[in-house]
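Thank you all for coming. Please open the sequence and the structure side by side, and keep both in view while I talk.

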Amino acid sequence: MRRPFVGGNWKMNTDLESGTVLAQTLAAQWKQNADVCDVVLFPPFPYLQSVARAIDGSSLALGAQDVSSEVNGALTGEVSAEMLIDIGVTWVLVGHSERRHRLGEPDSLVAEKFAMAIASGLSVVLCVGETLLQRSAGNAHEIVVSQLSSAFERIPSDALERVVIAYEPVWAIGTGVAATAEDAQGAHGVIREFIGSRYDSELASGIRIVYGGSLVPGNAKTIFAAPGVDGGLLGGASLKAADFLSICSSAMIGIATGSAG
Ligand code: PEP
């Protein structure tokens, strides 16, 4: 059985005090061990160290929202994998739709960041997903596969245990309109099939694929119970401790009751 994964992407929200309090609250209230469920917080860069201190000794893990594709050097504003590792970060997000669509990151840069993070020893949540236009044109699955083909070009098979794929349809992110469980199941099936053809069926059945896009306590259980959905990546709901914890609990219940997919 795949271990559930829940990530909280705080994006450009919180401040030093509220982010620290949020992390302290989650650390105090989340009692499950990391070997039964991965729960990862992705605060803004300036608060990483304070969140690291707040969750020290808990089962929560620390993630960064982005990483440079380069090792070091004259790259103003960039943050390298080594710098993140230095301060206790173990996970990074790569290819989030806001970086792809609002900040113009092409597939090629996503692939470079992914390869750098993996080569540096980090674990990665790789985000993929189609826009509404692409979905309306009937190209949703084709787009997801083309994002995956580019991203996995340089990823060795023995790194897949450090990879979670987040299916995040762009039209569902921050809109209040979540995908249906059937939509998520369909896309996750396509993603698993891709991993099977790029690597092998054993790796395909082992890799974790999570859903992201307007998850809230009221819809999480249903979506997580869909076959092949191994948890979630959350934006808005990760900023409210009670909602986030409720969704983490739903991930454990939903995945235990749903079938393997
Ligand atoms: C996200 O940005 O990854 C996300 C899923 O956001 P939200 O939960 O707010 O839709």
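I will go through the barrel, then some helices, and then a few single residues.

Before that, a word on the source: this is a predicted model, in which local features need a pLDDT of at least 70 and side-chain atom pairs count only at pLDDT 80 or more, while totals for chains, interfaces and linings use all residues. Residues are numbered from 1 along each chain as its sequence is written, and side-chain values use heavy atoms, with hydrogens and water left out.

Let us begin with the strands. Eight of them close into a barrel in the order β1-β2-β3-β4-β5-β6-β7-β8, with parallel pairing, where two strands pair if DSSP finds at least two bridges between them, and where helices (H or I, at least four residues) and strands (E, at least two) are DSSP runs numbered from the N terminus. From one strand to the next, the twist averages 25 degrees; here axes are lines fitted to C-alpha atoms, for helices over the stretch in contact, and angles run from 0 to 180 degrees between N-to-C directions. As a reminder, strands of a sheet pair through backbone hydrogen bonds, either parallel or antiparallel.

Now to helix α5, residues 107-120. How far apart are its end C-alpha atoms? They are 20 Å apart, which agrees with the 20 Å that its 14 residues should span at 1.5 Å a residue, the expected span being 1.5 Å times one less than the number of residues. The buried residues of α5 include Val 110, Phe 114, Met 116 and Ile 118, where buried means under 20% relative accessible area, exposed over 50%, and partly exposed in between (1.4 Å probe, protein chains only). Among the elements that the buried residues of α5 pack against are β4 (91-94), β5 (123-128) and α7 (140-151). Just after α5, Gly 121 takes a positive phi of about 100 degrees.

Helix α7 also holds Gln 147, which counts as buried at 7% relative accessibility. Leaving aside neighbours within four places in sequence, Gln 147 is in contact with Arg 100, Asp 107, Val 128 and Gly 129. The C-alpha atoms of Gln 147 and Ser 108 are separated by 9.3 Å, although these residues are 39 apart along the chain.

Turning to another pair of helices, the axes of α1 and α2 come within 8 Å and cross at roughly 25 degrees. That makes α1 roughly parallel to α2, since angles under 35 degrees count as roughly parallel, over 145 as roughly antiparallel, 65 to 115 as roughly perpendicular and the rest as oblique. Among the residues making the contact are Leu 16 and Ala 23 of α1, together with Val 51 and Ile 55 of α2.

Finally, most residues other than glycine have a negative phi. Ser 214, in the loop between β7 (208-212) and α10 (217-224), has a positive phi of about 55 degrees. Thr 14 is partly exposed, with a relative accessible area of 28%, whereas Ser 214 is buried, at 17%.

Methods. Contact = heavy atoms within 4.5 Å.
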